[in-house]
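This briefing sets out selected features of one protein chain, grouped by topic. The sequence and the model are shown first.

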Amino acid sequence: MISKTDSSGAALSAKTLERGRKSIAGGDSSTMRVLPYHIPLVADRGEGCRLWDVDGNEYIDLNMAYGPLLLGHRPKQVIEAVYRQISEQGSQLGFPTEVTIRVAEKLKQLFPSIELLRFANSGTEACASAIRLARTYTGRKKLIMFEGHYHGWSEAVFTKYHAPLDMLPECGYGPAIPGTTGMTDALDDVITCQWNDLDALERCLAEHGDEAAAVIMEPISGNAGLLMPRDGYLQTVREMIHDKGGLLIFDEVITGMRVSPGGAQEHYMVSPDITVVSKAMGGGYPVGSFGASAEIMSCITNGPLFHGGVFSGNAVVMSAAEAVLDTVLADKENIYAHLHAIADQLAGGIADIYNRLNIPAQVYHLGPLLAGLITKEEVEGLYNYRDVRRHCDFDRYIQFQHHMQRSGVYFHPNEFEPMFLSTAHTSADIDEVLERWEDGARQCLVR
């Protein structure tokens with residue numbers, strides 16, 4: 001996947017990253033932002049659905065900071081709420097605050113499966129705590145995860161979620177593969193299974209179900225090319241793990257408040273036992289949350305499970321989250337009608353371009369989550385990580401992304417990463433994207 005990149009038009013970004021590498025390992029604090037095949041891009045500012053880099057290049061942003069910017073860059077209501085909190089009350093008070101309570105109350109309105117919740121600083125933290133909660137409540141250790149699903153980089157769950165196909169077991173499930181060096185044996189109690197495959201899960205549960213504390217999944221596989229669950233899959237998984245006495249955890253870090261106000265569980269009408277929500281609720285500020293029934297959460301309120309964090313429920317972050325929640329709760333129907341309309345326009349336009357130009361591809365979307373997956377040949381569909389790994393053309397996607405970035409449209413060059421839209425995107429913005437998309441497809445993808 002690694003290719004030499006031409007950094008023309010990004011000279012100052014390249015120079016700035018070179019400077020950064022003298023102080024920050026790799027030049028940035030997230031590897032995903034400085035991959036070897038990424039054209040250098042050091043951001044300067046964002047506004048609405050647009051982003052500018054230090055070279056002065058302007059982009060229509062289809063990444064939205066990897067998903068948190070549901071309302072776009074620098075939404076006025078979030079800025080005003082944060083300013084008010086900092087200037088009038090304080091950023092970090094070290095005690096319970098009413099704003100934290102209000103945010104919890106409002107989040108519960110969107111996610112009825114949650115009776116009690118706790119806040120954290122990221123999706124990684126929230127997922128790690130959700131797993132501890134499931135293990136404490138059930139008294140079991142084993143955890144079942146899915147290939148291609150990412151639940152953060154904590155010791156409990158960081159598997160090689162984009163493993164080469166020859167490392168994956170033929171039977172459809174097997175021991176988790178550590179995602180990095182330096183890990184302990186924490187993954188010894190984790191089994192990874194092929195997603196969207198009930199037969200594989202049935203075999204896995206037959207062997208490990210009596211020891212399984214929980215099944216954890218992204219209800220839409222957002223880290224493997226944005227794959228949708230098969231009809232009835234989520235409900236059946238819930239029934240299967242409940243039959244074995246375990247819990248179902250939905251990691252809605254990506255889908256929460258995106259595919260619908262109440263996330264994938266609202267859209268598919270499936271209630272998990274434990275829910276993790278993060279990105280979109282923070283409006284660009286670092287936040288995570290996990291919640292469940294009062295009975296399950298009693299493990300924290302009355303029992304042996306510890307959860308803490310100096311910055312958990314930070315007042316500034318909570319003020320931003322409240323502004324996002326207030327916006328969504330006040331105008332849910334119009335907000336999500338707009339998000340779905342522009343997503344339909346973009347996804348439909350991309351699919352039309354690929355069809356007219358005979359470019360093998362699969363276009364998936366649900367609300368403002370999209371993926372335009374370029375494949376090596378025509379395929380009927382992509383249903384799990386192995387399908388994406390086997391059929392998608394990662395090198396051509398990178399080349400296409402480079403062209404689009406130079407054309408002023410940004411999305412991530414890794415084909416596994418989905419695209420995100422916001423309320424700030426307009427139909428006119430989408431028309432502009434599609435015009436450049438067709439030009440890029442003709443130049444880079446037509447064989």
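In this predicted model, Trp52 stands opposite Glu58 in strand β3.

- Strand β2 (residues 50-53) and strand β3 (residues 58-61) are paired in the antiparallel sense over three bridges.
- The hairpin of β2 and β3 has four residues between the strands, and Gly56 takes a positive phi near 90° there.
- Strand β1 (residues 43-47) runs antiparallel to β2 and is joined to β2 by four bridges.
- In the hairpin of β1 and β2, two residues lie between the strands, and Gly48 has a positive phi near 60°.
- Trp52 in β2 is the bridge partner of Arg45, and the charged end of Arg45 also sits over the ring of Trp52, 4.0 Å from its centre.
- Within β2, Arg50 and Trp52 point one way while Leu51 and Asp53 point the other way, yet all are buried.

**The open sheet**

- Eight strands form an open sheet with mixed pairing, in the order β4-β11-β10-β9-β8-β5-β7-β6.
- The edges are held by β4 (116-120) and β6 (173-175); each has a single partner strand, so one side of each is left without a neighbour in the sheet.
- From one strand to the next, the twist averages 20°.
- Strand β5 (residues 142-146) and strand β8 (residues 212-217) run parallel and are joined by three bridges; in β8, Ala212 is the bridge partner of Lys142.
- Helix α3 (residues 98-110) lies across β4, β10 (274-277) and β11 (288-292), and runs at about 120° to β4.
- Helix α6 (residues 233-243) lies across β5, β8 and β9 (247-252), and its direction is at about 170° to β8.

**Aromatic residues**

- The count of aromatic pairs comes to ten.
- One of these is formed by Phe400 and Phe411, a tilted pair with 6.1 Å centre to centre and 40° between the planes.
- Phe400 belongs to helix α12 (residues 394-406) and Phe411 to the loop between β14 (409-410) and β15 (419-420), so this pair ties together parts that are eleven residues apart in sequence.
- Phe400 and Phe411 are both buried.
- Ring pairs also link Tyr397, Phe400, Phe411 and Trp437 into a cluster.
- The ring of Tyr383 has the charged end of Arg230 over it, 4.1 Å from the ring centre.

**Asn63**

- Asn63 is located in the loop between β3 and α2 (76-88).
- With a relative accessible area of 6%, Asn63 is buried.
- Leaving aside residues up to four places away in sequence, Asn63 touches Tyr410, His412 and Phe420.

**Cysteines**

- The model has zero disulfides.
- Cys204 is in no disulfide, and the nearest cysteine sulfur, that of Cys193, is 4.9 Å away, whereas a disulfide requires sulfur atoms within 2.5 Å.
- The relative accessibility of Cys204 is 0%, so Cys204 counts as buried.
- Cys299 is likewise in no disulfide; the nearest cysteine sulfur belongs to Cys127 and is 18 Å away.
- Cys299 also counts as buried, because its relative accessibility is 9%.

Definitions and conventions: Residues are numbered from 1 along each chain as its sequence is written. This is a predicted model: local features need pLDDT of at least 70, side-chain atom pairs count only at pLDDT 80 or more; totals for chains, interfaces and linings use all residues. Side-chain values use heavy atoms; hydrogens and water are left out. Buried means under 20% relative accessible area, exposed over 50%, partly exposed in between (1.4 Å probe, protein chains only). Two strands pair if DSSP finds at least two bridges between them. Contact means heavy atoms within 4.5 Å. Axes are lines fitted to C-alpha atoms, for helices over the stretch in contact, and angles run from 0 to 180 degrees between N-to-C directions. Rings of Phe, Tyr and Trp (its six-membered ring) pair if their centres lie within 6.5 Å; planes under 30 degrees apart count as stacked, over 60 as edge-to-face and the rest as tilted. A charge sits over a ring if NZ of Lys or CZ of Arg is within 6 Å of the ring centre and within 35 degrees of the ring normal.
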